Amino acid sequence: MTISLNHTIVPAVDHHAAARYFATVMGLKAPSSKAENGRGRFAPVRVNETLTLDFMTVPDPEGHHLAFDVDPETFDGILARIRAAGIPFGNHPASPDNGRTDHPLCARGLYFGDDSRNLYEIMSPA
């Protein structure tokens, strides 16, 4: 059996708000209600067939770095949603608000954060 990541916990100030924010930016389906997710203290966002991010409220979230490879079309959609929402983004983790997408590891990439100090990295080969 190959090893694949099934889910990870993402710390948040408010797990439902954080899940909606991430899902909206990424163009994914957000849990619409507490009752819908059926997992109580988690707000899960299905990223793909094998990965779910389970957002969980914690008293003082330390923030995580989560990096995603995406195709160019998906990257364009994410960037458009980020710009439309006025979310700061940048090309380096030390400058996640410089408005650039020239990434050191790929053709185009960006970082954006949330209010729980999570830093999301989006990388595209073109």
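Reader: Which residues does histidine 103 touch, not counting residues up to four places away in sequence?
Author: In this predicted model, histidine 103 sits in the loop between α3 (72-85) and β5 (108-113). Leaving out residues up to four places away in sequence, its contacts are Asn91, Arg108, Gly109, Leu110, Tyr111, Glu121 and Met123.

Reader: Is histidine 103 buried or exposed?
Author: The cut-off for buried is under 20% relative accessible area. Histidine 103 has 6% relative accessibility, so it counts as buried.

Reader: Which side chain makes a polar contact with the side chain of histidine 103?
Author: Start with the backbone. A polar atom of the histidine 103 side chain lies 3.0 Å from the backbone nitrogen of leucine 105. The side-chain partner, at 2.7 Å, is glutamate 121.

Reader: What is the order of the strands in the open sheet of three strands?
Author: Take the pairs in turn. Strand β1 (residues 7-12) pairs with β3 in the parallel sense, over six bridges. Strand β2 (residues 42-46) runs antiparallel to β3, with five bridges joining them. The pairing is mixed, and the order is β1-β3-β2.

Reader: Which strands stand at the edges?
Author: An edge strand here has a single partner strand, so one side is left without a neighbour in the sheet. The twist averages 25° from one strand to the next. The strands at the edges are β1 and β2.

Reader: What is the bridge partner of proline 44 in β3?
Author: Five residues form the hairpin link from β2 to β3. Valine 45 stands opposite leucine 53 in β3. For proline 44, the partner in β3 is aspartate 54.

Reader: Why is strand β3 largely enclosed by the rest of the structure?
Author: Strand β3 covers residues 52-57. It is largely enclosed because, of its six residues, the number buried is five.

Reader: How many aromatic pairs are there, and which residues do ring pairs link into a cluster?
Author: Rings pair if their centres lie within 6.5 Å. The count by this rule is five aromatic pairs. The linked cluster holds Tyr21, Phe22, Phe55, Phe68, Phe112 and Tyr120.

Reader: Is the pair of phenylalanine 22 and phenylalanine 68 stacked, tilted or edge-to-face?
Author: A pair of aromatic rings is described by the distance of the centres and the angle of the planes. For phenylalanine 22 and phenylalanine 68, the centres are 5.7 Å apart and the planes are at 40°. Under 30 degrees counts as stacked and over 60 as edge-to-face. So this pair is tilted.

Reader: How many residues apart in sequence are the parts that this pair ties together?
Author: Phenylalanine 22 lies in helix α1 (residues 15-26), and phenylalanine 68 lies in strand β4 (residues 65-69). Phenylalanine 22 is buried at a relative accessible area of 0%, and phenylalanine 68 is buried at 10%. The parts tied together are 46 residues apart.

Reader: What span should the 12 residues of α1 have?
Author: The step is 1.5 Å a residue. The span is 1.5 Å times one less than the number of residues.

Reader: Which residue just after α1 takes a positive phi?
Author: At the start of α1, a side-chain oxygen of aspartate 14 reaches to within 3.0 Å of the backbone nitrogen of histidine 16. Just after α1, a phi of about 75° belongs to glycine 27.

Note on methods. Residues numbered from 1 in each chain as written. Predicted model: local features only at pLDDT ≥ 70, side-chain atom pairs only at ≥ 80, totals over all residues. Heavy atoms only, no water. Buried < 20%, exposed > 50% of the residue type's maximum accessible area, 1.4 Å probe, protein only. Helix = DSSP H or I, 4+ residues; strand = E, 2+ residues; numbered from the N terminus. Pairing = 2+ DSSP bridges. Phe/Tyr/Trp six-rings, centres within 6.5 Å; stacked < 30°, edge-to-face > 60°. Polar contact = N/O pair within 3.5 Å; in protein donor to acceptor, adjacent residues only side chain to side chain. Contact = heavy atoms within 4.5 Å. Axes fitted to C-alpha atoms, helices over the stretch in contact; angles between N-to-C directions.
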